[in-house]
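Me: Please take a close look at one part of this model, and give the cut-offs as you go. Which residues and elements lie around it?

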Amino acid sequence: MEHLQTFQVIPKIPEKLSFLEELSKNLWWSWKQNAIGLFRRIDPKLWEESKQNPIIFLTRVSQTRLEELAKDESFLAHQDRVKELFWKRVCASVDWSEYLSKKEGVIAYFSMEFGIHESLPLFAGGLGVLAGDHLKASSNMGLPLVGIGLFYQHGYFHQFLDQDGTQQEEYPETDLYSLPVERAKDYSGNEIYISVTGPDGEIHAAVWMIRIGCVPLYLLDTNLPQNSPKIRDITSSLYAGDPEMRLAQEVLLGIGGMRALEALGINPAVCHMNEDHSAFCSLEQLAQTMSKYNVNLKTALEIIPRTNIFTTHTPVNASYDKFPVNLVKPYLSPFKKRLGITEDEILSWGQSPIAPHPNEPFSMFVLGLRMAQYCNGVSRLHGKTARKMWSHVWPKRPEDETPISHITNGVHLQSFVSGKYTTLFERYLGPDWFMSSHLPENIKRIDEIYDEELWQAHEMNRSSLIGVCRKLLTRQHGRRNVHKSIMEDIWSALDHGILTIGFARRFTAYKRADLLLNDPERLEAIVNSTTHPVQFVFAGKAHPKDNEGKELIKKLFEFCQKPSLRHRVIFVEDYDMHIARYFVQGVDVWLNTPRRPLEACGTSGMKAAINGVLNVSILDGWWDEAYSEDTGWRIGNGEEYADSRYQDSVESRALYNVLENEVIPCFYERKHGYYPVRWVKMMKESIKMAMRGFCSIRMAGEYNERFYIPAKKRLKSLIENNAEEARNLAAQFERLLVNWRSIRIEPPVKNWDGPFRTGETFYVNSIVYLEKLSPEDVEVQLFYGELKSTDNIPESRTKEMTIKEDQGNGKYLYTCAMTCKASGRYGFTARVIPRGDDKIRFTPGLITWAL
């Protein structure tokens, strides 16, 4: 029916309970067990029916129940405790009327998705949950950070399996009135709108705000009457499949996000691009910087990259976005005038740095790399993989010098630790355990927890998981109208006392969910052992267009339907954060079987580890650096194979061997009573490992120390005195570009040929022709290292050479002393690079090797 006007009726909250409404509008409650418990005790059944969404929940609580609670001294005392903590942690730190707009050093964190809580459907998987954890940790630490994303009308899909196990998708529309969102406003109280010019006209967007503790998250929304239906659909759903729509989303996120911040009066000192989707923000940054500081483009290009961070999350090449130039150009037209260059020059920033082809697709990843001095992968192994993948962006440089470092991901402990474990940690580590969990003195206290206490808490977590699985199985089987006998059997599915192994993640080929099924008879024997039985719980979604991933689900579904297995091998549909918490808290073993090195990090294993769950995994992602014999098990030894089928065969057998010979016997070893002593010892080591190295407080702290603080300091120095330093850097860079090709360096020569013994020193000399450049402009380096083959130095080192003699006309003799510290076969040569910070030193093309 057309022309309907709407209104909403909600219960009248008694004055004594008014804090509940305030609490429901800040997602701080979602990681505080005491706050969650406050809502839940009002009506536990209704809380579950409301899917743990306090906005919906409070509209459904009866007026009678609210009046009862207003007189309940126990409930009011509970509310006062939560309120006191909320005011201490949030309200005392935030004046929302002017928050961030008057602060210096604000960090703008851009991400296509944010996974804060399952009631806020703005994410698809691990990338979004990681972004959410980054915001939560920033709130815990009081970092001046603001999130920028998109407000999706449909979010990510709900998953259903049909009778054959084929995945079906449903995209329910997000109910705006069930979310803790509010319109972002300017100083005068006006609602903020921004616009971006696109190929079909202006793209108008409203700006919403969600409070994540002390951190605001701003979301752009194109579902406005003044937009055409096509433009309104830009924020219709997460990760649009159509390239044209996907490009529009990324333009809106990057360019529109920066304009939203400007409209809010927020001038970020640092921009952090969480994946390449938001790389367009750099174009708007350049334009705003030119206007704000009255500098030209060359000077702005010396400022922006030095204050940007770019984090990549995937080692899979196909996952990076590339767009045809004809799609990108219309969005760049407005920047011709603002930046003073052509669209083709802007396009070159997202193309190969050396002689790009005019029609080469525009790479968002290359743009991100070019516009950020600080680039990182999300685990040690992923950093190495990323350097190999993207070394071509820095031609003539050794792979190990590709300027992509790593900061290993961490998880927000409070969001994923079970209530039972939270109670233990508060008792033994203190009420603020999550803020100092990584400190050695706190980690030691884990050993003080009684083994029996820890095991009992874990068994209760496993029982909770089994109860939830049975409820979900009842729902999904009922929807398929299965036979009555099967429905009756569901409540006997899974056993409370046997080893439970969990596998839950996105279903795609490289994650190899079917590695466990390579020998189904052997697996069935493991499951149905009469003495040491094992049960498996699976969950996960495949991307709607990933048919191979869907086939993996179908294959697993068919295996679960076997009468001999269906009580002990189950697949839970519609995996989300709510189900994930039960999984990582309640299983005994967390299984991960990616094809190395295609797992960037794998944070689900961290969430399991903090709950005392032991990991069994391929040495990939985070587990490559976290694994020890005390904390879990490895599958294989970190090998990488050219033949994927052979790799699957070898590693599936390794997996069965680990389960049969190590994991299962350890779990059922009960020599000293009812609990497995050795297993519980490993649980404690797993918890300590996760607290020490894989929490989001450590992660955010590392970003702050290594990237945010240096970038803020750099901005301050660059813009001082009318941007004097930035202008000088621009002039220096121009001088290097004009004169670099004239540089020559002769092969280095030793002062004697050896052989050399450890401890001896020899000298290396090389003639360098700098022509119009001065020695102050460059650094001449001796490049050396141990040889692995005739011309391969996999782990290179450098030593700066110094001028021994100025021979006139730009010709210099450089020298350097080399001390032989270890025996071996070594190689060396010499090279010239620009002198300066990493932005200058790693400029593609500015490197000359001895010939």
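**A core residue and a sheet**

Reply: Leucine 339 touches Leu283, Leu286, Ala287, Met290, Leu297, Ile346 and Trp349, leaving aside residues up to four places away in sequence (contact: heavy atoms within 4.5 Å). The model is predicted, so that local features need pLDDT of at least 70 and side-chain atom pairs pLDDT 80 or more, while totals for chains, interfaces and linings use all residues. Numbering starts from 1 along each chain as its sequence is written, and side-chain values use heavy atoms, without hydrogens or water.

Leu339, with Leu23, Phe280 and Trp349, is among the residues with the most contacts inside the largest nonpolar core, which has 168 residues (buried Ala, Val, Leu, Ile, Met, Phe, Trp, Tyr and Cys joined through side-chain atoms within 4.5 Å; buried is under 20% relative accessible area, exposed over 50%, partly exposed in between, with a 1.4 Å probe on protein chains only). Apart from this core lies another, of 80 residues, including Leu429, Leu499, Leu565 and Trp679.

An open sheet of 6 strands runs in the order β17-β16-β15-β18-β19-β20 with parallel pairing (at least two DSSP bridges per pair; strands are E runs of at least two residues, helices H or I runs of at least four, numbered from the N terminus). Because β17 (569-572) and β20 (632-635) at the edges each have a single partner strand, one side of each lacks a neighbour in the sheet. Neighbouring strands are turned by 20° against each other on average, direction ignored (axes are lines fitted to C-alpha atoms, for helices over the stretch in contact, and angles run from 0 to 180 degrees between N-to-C directions).

Strand β19 (614-618) pairs with β20 in the parallel sense over 4 bridges, and isoleucine 618 has isoleucine 635 of β20 as its bridge partner. Helix α26 (644-667) lies across β15 (499-504), β16 (534-539), β18 (589-592), β19 and β20, at about 165° to β20, whereas helix α27 (677-693) lies across β15, β18, β19 and β20, at about 75° to β19.
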